[in-house]
Structure formats: C-alpha cells, structure tokens
Amino acid sequence: MSRRRFAKHAVAAGLSVAMAKAQRGPARVLVDGRRTKAELDRRLLGSFLEHLGRAVYQGVYEPGSALADEKGFRKDVLAEMRELKVPVIRYPGGNFVSGYNWLDGVGPSKHRPRVLERAWNSIETNQFGTNEFVEWCRAVGTEPLLATNLGTGTPESSAALVEYCNIEKGTKWSDLRQSHGYAAPHRVKTWCLGNEMDGRWQIGHMTAVEYGRKAADAARQMRTVDRGLELIACGSSSPGMVTYLEWDRQVLEECYNEVDAISLHRYYSNSDGNASRYLSLNLELERQIQEIIAVCDYVRGRVRSSKRLWLSFDEWNVWYRARGGDGKRQEAPRLLEEVYNLEDALLVGGTLNALLRQAERVRVACLAQIVNVIAPLMTSSTQVLRQSIYYPYAWALKYAKGRVLDLGVESETYTLPRAGGGPGGQGRAPEPVPYMDVAATMDAGECCVFVLNRDLEAEREVELVWHDATPAKVLACETLTGADLKAANSFEQPRRVVPQRLEAPRVGSRMTWKVPARSYSVLHAGLG
Ligand code: AHR
C-alpha cells in the first residue's frame, strides 16, 4: 500500500497525517476494559456432527475397534473432545436430517433398520441415534443442539421428538424413551427447525412461505410440549443463493413470533488461489451477519414485535476441495474429507475473530464439522490427527472468555482487485482490507488478544495500548505460521502446522507485539 493511501486511511481512523506518515508499519490496538461489545455466549464456539461419511461411524462411534469403549465410542476422540471442551454440538444434520426418521435410530439396536440414506446416497445402519448422541455429549461435556426433520418430517414428528427427549414420563413418547432405558429426560434446550430448506438439493425443499408456515406450526407444537425451548429457523444457506435475504424476510414474516433465532451458513473457497483475497473472506462473513441482522430487524418492525432475534451461524468452515457428495451406497464412505493447510487455519482464525466481534447478535455458531467430515480432527483405524484448523479453534475454546471487547484498531490496509459479478459479496466496489485483524476478550483478571496478520511477506508490529485494566503478566503467547501456506498435517507428518511459542511483548500500558507474516497469534495476559 502506498504511503499516501495509508495516510488517508489513518486520517479516517482519527490519526493526524503527521502521525500516519511516521507510523507506516505498526498497527495500533486500543484495549479499553470498560468498552464491552457483548457478553460472550460460549455457544459461539460450537461444532457440528452429521450422519455423513465417516463422521459418526469411524469418527465418534466404532464398536469393535481396539480404541472403542464399552459403548462403542472412540476413546481417542473422546479424549480430544474432553480437552477441547466444545460447548455445544449440532446433530444429526445437515442435509441428512431432511430425510431422517428419528424413530429408526432409537430402541434396541438389533431392531433398527438399515436404510438407504438419500441426502448422501449412503447406507445408514442407525446403530447410533439420538440417545447415543446425547450420551456421547454427556461423556465429552458438551450440550446437544438437535435439528428436526422439516423436509420429509412434519411438525408432529418434530414435536414427538421433543416429547421423547424432554418430557419425564407418562406420555406416549416419553414412555417410549423410558422403555429404551433412559429414565431421565435429555432436556435438550436448543433446536434447529430443519436445515437449508432454501436449497434445491435439500430433501423436501420448498418456498420460503411454505417453509415459514411449516416452521411456525412446528415451533408452536414443540413449545406446547416444552415451553423452555430455544428455536432456530432456517435462514439462507449461503449469500450466493438467488433468494438470499428475500428467503429470510419471507420466512420471518411467517414465523417471527414463534422463533428465537435464524440460521446462517457459509463455506469458504480458495479456488482462485489468491491468498490475499482468501484471508479477507472473514470480513465477508461479517457483512453477511450484518445483512441478516438488517432483515431480522426489518421484519421485527413489520410485525411490531418487541422481541429481537439472535443469529445461529450453525455451519461455517473452509470447504472447496473434497466436494463430491455421493456415498455410493456404502456404510461410512469417505466423503468431504477435506485436508486443511496453513492458509485455511489462518482464515479459520480470522473467522473466529469475526464471530467474536459479532457476538452481540450471534449467540450460537458451529464449526462444520468436528471429525472426519470437513473437520479439525481426522481418524484412522489406529489414531486421531489434529488438522491445521484445530489450533485456532482450540485457542478460542481455551482462551476466549467473559466479555468481547470493543477495540479501536488502526491498521494499514491493502486493496483487492474487484471480484466478478453475482450475489453474495461479489461485484462490489473494492474495500480496503486491514492487514491486522484483531479480536479480544476480557474476564476476571485475564485478557486475551487474537491477531490475524494478513501480510504475506512481512512481520508486523502491533502496539497494544491499554486503558483501565493493564496486563501484569503474559501467560501465553503463541503463533501459527510457516513459510508454506499450503503445508498440511497428515498421519505421516502430523506436526507440519502446529503452534510455536512467540516472543512475548513486555507488559505495560503500551506493549509492542511482533507477529510473523502469514500468521494467527494469541496473547493471553493476566491483568494487574
Ligand atoms: O456440512 C456439510 C453440508 O453442508 C451439510 O449437510 C449441509 O447443511 C451443508 O450444505
């Protein structure tokens, strides 16, 4: 970027031209402990498990394996999950849910049918179902987030599943659960009303008005069974849909009063190979969030509601290489086994920053998915592998706590060439992309700063200027970086992309932190 352009940007950001000229290079981050963006709902750091490929079978459940416990759960995956501490996991789909009969997956396993699963053209043995999932969640310390089938399913079958899961006893479906050996109700609080119903690929795809009415009916019946539910309507499955935003408006005009939230999905691609553009895509995701908020608030006005909806970003990740979705009528076929590299991990880090910055309205978000299928964890018959994207996700889970701070960030920017036409962020005038992408949280006595450095060539300095609370001690300072953006971990070379310790900045009210080129870094500090 030219010196002149930085000066212009810096003036817009409130710096004098003289300062801007003198400051070419370092970014400045104002961290004021009194300025809160939102209380962090930890469910923002959730994940997703679908009956797809080897996610369930061979991922979390593999009876007969030397690695399985007495329930058939993979012990190595259980250990990884316990360490990660994922707060919530969405299940059972995804596209799978729109053709799923939940009754096939409960009761004595020998009586469960082997079915031809039509979303992914696979064989579903139904040996793992709702009860096994809830048990697995309890074993790893996560909350289940269940999706109901509003494709081939009905509002009645959705309400029946709520009754099966959440009523203690004395009714048809709760007594069925009791007869299956689960005396205590599962008490599942948060539910998705179907999945991606705007997509032509979706079993039972329908128009927005049809879906909105079905969702409203399902929501009313489900709430009659359990008043305490949180319900999420299906929003647009991608900003690339021709119905983007119109779908959301029409759906909400039918069901605004019945639901609490609307869903968003996003999968990134680097098919044009431009890393500078790729690493800016988390900003597009923030724009998507803002656009959906605008629709929610527009409909809120139209229906004269005092209720403000929140957002559930219940599928997001990088996904563009392993795209084929034909399971060829096999059990646990190898599908969507995306291999993640360093640049993917950097974008995942940037996305976590973006979600933190949007935490005021986004309460739930799910990295899609958790194991084997577009996932941070991969299993072989003998081991589990941490892919590159595992690390930024693990840092967020470990360090992001308390309140998300409203930071003041001044950074040099770069400009991308204008992208092609089409809905969903393309064809727009180029906007400056800051080299430095920053988010921070603060909790009692501690603070955490996450930085994506989009500069592909140079190390950069970040000057952290603290107001109110000031760090007294650096507790952790790490980075994920490397010379090769395409480097990836494998079972043969599991440590090609792993965190490295980074020189910690000296503590004080002004701290100069050097972050490497092409990096995602975390600074965890104890406050004085
Ligand atoms: O996560 C993979 C698939 O992506 C899900 O099944 C679907 O909801 C989305 O299109």
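The side chains of Asp437 and Arg357 meet in a salt bridge, with 2.8 Å from N to O, where the term stands for a side-chain nitrogen of Lys or Arg within 4 Å of a carboxyl oxygen of Asp or Glu. The model is predicted, so that local features need pLDDT of at least 70 and side-chain atom pairs count only at pLDDT 80 or more, whereas totals for chains, interfaces and linings use all residues. Residues are numbered from 1 along each chain as its sequence is written, and side-chain values use heavy atoms, with hydrogens and water left out.

The protein is divided into domain 1 (3–39 + 405–527) and domain 2 (42–281 + 289–400), with bounds that come from an automatic or database domain assignment. The values for this pair of domains are set out below.

| Domain 1 and domain 2 | Value |
|---|---|
| Separation of centres, over C-alpha atoms | 31 Å |
| Buried area | about 3500 Å² |
| Share of buried area on carbon and sulfur atoms | 66% |
| Salt bridges across the interface | 2 salt bridges |

Buried area here is the accessible area (1.4 Å probe) that two parts lose on being put together, summed over both. Leu485, Phe491 and Tyr520 supply 19% of the area that domain 1 buries against domain 2, more than any other three residues.
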